[in-house]
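Work through the following exercises with the model open beside you, and try each task before reading its solution.

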Amino acid sequence: MSEKPLIIWLNELRREDGAKVGGKNSSLGEMIANLESQGIAVPGGFATTADAYWHYVDSNDLRAKIAGTMQDLKSDHSNLAKIGQKVRDMLEHAEVPPALAEQVKRAYAEMAENGEQARVAVRSSATAEDLPEASFAGQLESFLNVQGEGALLHTLRRCYASLFTDRAIAYRVNNDFDHMDVALSVGIQRMVRADKAGSGVMFSIDTETGFPRTVLINAAWGLGELVVQGIVDPDEYIVFKPFLDDESKKPIVEKKVGAKERKMTFGAGKQPLKTVATAKSEQHKFVLDDDEIMTLARWAARIEKHYGQPMDIEWAKDGLNGNLYIVQARPETVQSRRDEGKLQAYSLKERGEVLVKGLSVGASISTGPVQKLDSPAEIDRFEEGSVLVTGMTDPDWVPIMKKASAIVTDHGGRTSHAAIVSRELGLTAIVGAGDATLRLEEGAEVTVSCAEGDTGFVYAGECAFEVIDVSLDDIPKTKTKCMLNLANPAAAFSWWRLPADGVGLARMEFIVDNLIRIHPMALVRFDEVEDADARKEIEVLTRAYPSKPAYFVDRLSRGIARIAAAYHPKPVILRMSDFKTNEYAELIGGRGFEPEEENPMIGWRGASRYYSDGYREGFALECAAVNMARDELGFENIVMMIPFVRTLDEADRVLAEMAKHGLVRGEKGLQVYMMCEIPSNVILAEEFGKRFDGFSIGSNDLTQLTLGVDRDNGTLASLFDERDPAVEATIADLLAKAKKAGIKTGLCGQAPSDHPAFAGFLVEHGIDSVSVTPDSFIAVKNIIAEQEAKLK
């Protein structure tokens with residue numbers, strides 16, 4: 001018998017004990033010892049050691065037999081299944097040595113409570129697991145709800161055997177680990193009764209973009225295995241880390257309710273676990289409340305700080321005592337190792353018909369023929385370079401995933417196996433697409449795009465796209481600020497590495513269109529909505545919220561905050577809604593609240609709506625969302641901007657309307673800008689300047705109204721030009737007046753990137769900032785630097 005310890009209690013382990021008990025168990029010990037004092041709860045237990053594994057192997061005379069069998073593995077892995085099964089049989093049917101069995105039983109007995117044998121989670125932890133170079137996550141077996149000495153010893157043998165699953169063998173070969181250099185520790189941890197509550201996974205970094213200042217949390221009802229396996233579509237929460245220490249703020253920048261159609265709970269006898277359908281009420285309800293989301297986010301940040309690196313963490317809530325627990329934590333191994341000095345941007349040049357959509361993984365684009373598989377056993381018929389379409393994946397799918405150009409799954413969230421492995425492989429992937437296996441046709445050429453934010457799209461046909469490699473080391477510094485135009489909150493984090501001076505234009509109507517989709521007046525006056533289909537759709541979209549207006553305020557505030565988070569504390573200029581009436585009518589329930597206009601471009605839009613009886617209640621919701629984003633969520637870097645202000649009286653009426661809702665210029669650091677896009681704004685610039693903190697030139701509308709050219713009229717397209725002498729004279733006049741009055745100025749539009757000379761004109765006349773789309777940021781930054789150099 002070995003004289004070295006065969007079991008060690010988790011609270012006696014530390015991070016450096018990975019060689020004894022593997023990364024998973026040593027990490028649990030590290031957290032119990034160092035983080036429980038910070039309020040982080042980790043269930044206790046014990047772990048068998050690597051020495052215990054070798055004692056088990058040698059007591060059954062298996063070392064030479066295993067080594068000899070593994071030498072028979074062919075280089076093409078054609079006999080992998082046979083070899084793996086042979087070794088697993090050796091290990092699973094061996095006897096547990098008396099010394100090991102006795103120590104395990106004695107420690108297990110100490111975990112009993114109130115005379116009842118403990119329910120435990122039994123997890124495998126390889127001694128080479130979770131090294132930065134190689135994540136063994138998902139390669140080994142874990143077992144939940146194990147109760148009784150006999151069941152525990154049987155599970156111990158199954159864990160030892162799992163060191164030689166086909167996927168674990170292939171993984172070691174691919175990562176150059178010697179099979180006989182890796183041992184296995186078994187962690188026995190008190191079971192959290194998540195079967196009566198919920199559980200999930202969280203990352204202390206944005207998994208798709210590497211944005212380091214957020215925590216991503218996935219949550220589902222019951223035990224967490226279905227989240228990891230990608231069987232359920234979980235809730236998703238995103239929290240901004242820099243505000244976590246401020247108890248007055250709840251910086252949850254996204255709350256998305258998942259379908260959660262099934263959950264794993266406790267079974268009985270030989271079936272300790274079972275999967276059951278969730279109740280409709282559970283499907284429509286958030287698993288966690290805001291306080292619980294904040295608690296988990298704070299824990300994630302503390303764990304990350306302690307380990308000094310981004311972390312991948314599993315959590316569970318006990319339904320009996322209501323407490324939250326951390327049950328695993330390991331280093332994140334994808335985004336944290338990327339080169340921050342480089343940015344690769346994908347951009348579609350054309351789009352086909354949208355066939356399916358789901359959650360995007362990464363930010364790339366791939367094309368190929370659809371190939372639908374039901375099982376990883378079908379690997380022989382999978383054609384390399386095809387788009388793999390399946391219900392979900394587990395570790396057995398990895399060899400096929402390595403051959404795919406992209407992957408699309410019906411189920412799963414951003415922390416599912418398919419998502420994690422796709423990131424590691426650099427694979428374009430869409431998860432949680434719902435019915436991709438039904439809607440995509442075998443052999444059809446498709447384009448899988450994850451370059452458009454949180455939502456991934458599968459387009460018909462092979463769409464053209466480009467890939468731009470950008471070095472962030474070569475971007476010049478400029479006196480003129482260069483900001484970004486952002487519209488979709490889901491894509492905001494994609495550009496965090498760009499050295500922008502903030503966001504010069506965040507369009508509220510785009511946020512409404514992307515995240516809310518319902519006309520605000522249809523929520524305020526739901527009883528007046530006559531369209532039966534619209535009423536039904538509104539009921540479905542708002543069911544997780546206490547009221548229909550609350551849906552609008554909550555969704556909009558978090559969408560605004562997500563954009564504000566990307567560049568905090570730099571300013572984010574939020575343009576209040578500027579839908580035209582025909583665009584508003586297209587929102588769900590909108591037709592009954594919008595008039596038909598001959599020319600919506602110069603109709604009931606922008607500021608004129610905010611104090612009107614036909615929209616005043618809708619504007620109140622917009623103001624409530626801004627208040628929530630600034631006060632409750634904490635983003636005081638949000639600057640409000642009012643569009644299409646025709647007269648001084650209209651400016652006063654809008655500011656008064658805002659004040660009714662607690663939004664007063666100058667209070668709580670609130671700045672209010674105005675879009676300068678109407679000739680009257682330029683003519684009376686000094687007077688408008690007394691009412692606002694800054695002007696943002698809307699070059700499209702200003703050109704249209706200065707030249708009398710309908711910008712949407714193709715026949716007149718040749719006349720529409722921001723560089724026309726009349727337009728340039730108008731802009732020069734505005735910039736001169738604003739400079740004299742000490743008013744900040746900016747321009748948001750494509751003209752500076754399309755026409756370098758126009759950028760020079762703006763710089764020459766002293767504009768303070770230019771705001772452009774992210775894909776043209778570097779080009780414009782270089783142009784501005786060149787123009788500034790010429791002026792010197």
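A residue counts as exposed when its relative accessible area is over 50%, and as buried when that area is under 20%. The model used throughout these exercises is a predicted one.

**Exercise 1.** Decide whether Gln-271 is buried or exposed.

Solution. Begin by locating Gln-271, which lies in strand E11, the strand that spans residues 271–277. The relative accessible area of Gln-271 is 59%, and because the cut-off for an exposed residue is over 50%, Gln-271 is exposed. As a further point of orientation, the C-alpha atom of Gln-271 is separated by 32 Å from that of Ile-407, a residue 136 positions away along the chain.

**Exercise 2.** Determine how helix H27 is oriented against helix H28, and which residues make the contact.

Solution. Helix H27 (residues 756–764) packs against helix H28 (residues 777–791) at an angle of about 55 degrees, and the two axes are 9 Å apart. That angle makes H27 oblique to H28, and the crossing in which H27 passes H28 is right-handed. On the H27 side the contact is made by Pro-756, Ala-759, Gly-760, Val-763 and Glu-764, while H28 contributes Ile-783, Ile-784, Gln-787, Glu-788 and Leu-791. Sorted by class, the residues of this contact are six nonpolar, two polar and two charged. Within H27, the buried residues include Ala-759, Gly-760 and Val-763, as well as Phe-758, Phe-761 and Leu-762. Just after H27, Gly-766 adopts a positive phi of about 80 degrees.

**Exercise 3.** Carry out the corresponding analysis for helices H4 and H6.

Solution. Helix H4 (residues 80–92) and helix H6 (residues 149–161) pack at an angle of about 150 degrees, with 8 Å between their axes. Because angles over 145 degrees count as roughly antiparallel, H4 and H6 are roughly antiparallel to each other. Their crossing is right-handed. The contact brings together Arg-88, Leu-91 and Glu-92 of H4 with His-154, Arg-157, Arg-158, Tyr-160 and Ala-161 of H6. By class, these residues comprise three nonpolar, one polar and four charged. Tyr-160 also belongs to an aromatic cluster, which it forms with Tyr-53, Trp-54 and Tyr-56.

**Exercise 4.** Classify the geometry of the aromatic pair formed by Phe-457 and Tyr-459.

Solution. A search of the whole structure finds 18 aromatic pairs. For Phe-457 and Tyr-459, the ring centres are 5.8 Å apart and the planes meet at 20 degrees, so the pair is stacked, the cut-off for stacked planes being under 30 degrees. Finally, Phe-457 and Tyr-459 are both buried.

Definitions and conventions:
Residues are numbered from 1 along each chain as its sequence is written. This is a predicted model: local features need pLDDT of at least 70, side-chain atom pairs count only at pLDDT 80 or more; totals for chains, interfaces and linings use all residues. Side-chain values use heavy atoms; hydrogens and water are left out. Axes are lines fitted to C-alpha atoms, for helices over the stretch in contact, and angles run from 0 to 180 degrees between N-to-C directions. Helices (H or I, at least four residues) and strands (E, at least two) are DSSP runs, numbered from the N terminus. Angles under 35 degrees count as roughly parallel, over 145 as roughly antiparallel, 65 to 115 as roughly perpendicular and the rest as oblique. A crossing is left-handed if the near helix is turned anticlockwise from the far one by less than a right angle, and right-handed if clockwise. Contact means heavy atoms within 4.5 Å. Ala, Val, Leu, Ile, Met, Phe, Trp, Tyr, Cys and Pro count as nonpolar, Asp, Glu, Lys and Arg as charged, and the others, Gly among them, as polar. Rings of Phe, Tyr and Trp (its six-membered ring) pair if their centres lie within 6.5 Å; planes under 30 degrees apart count as stacked, over 60 as edge-to-face and the rest as tilted. Buried means under 20% relative accessible area, exposed over 50%, partly exposed in between (1.4 Å probe, protein chains only).
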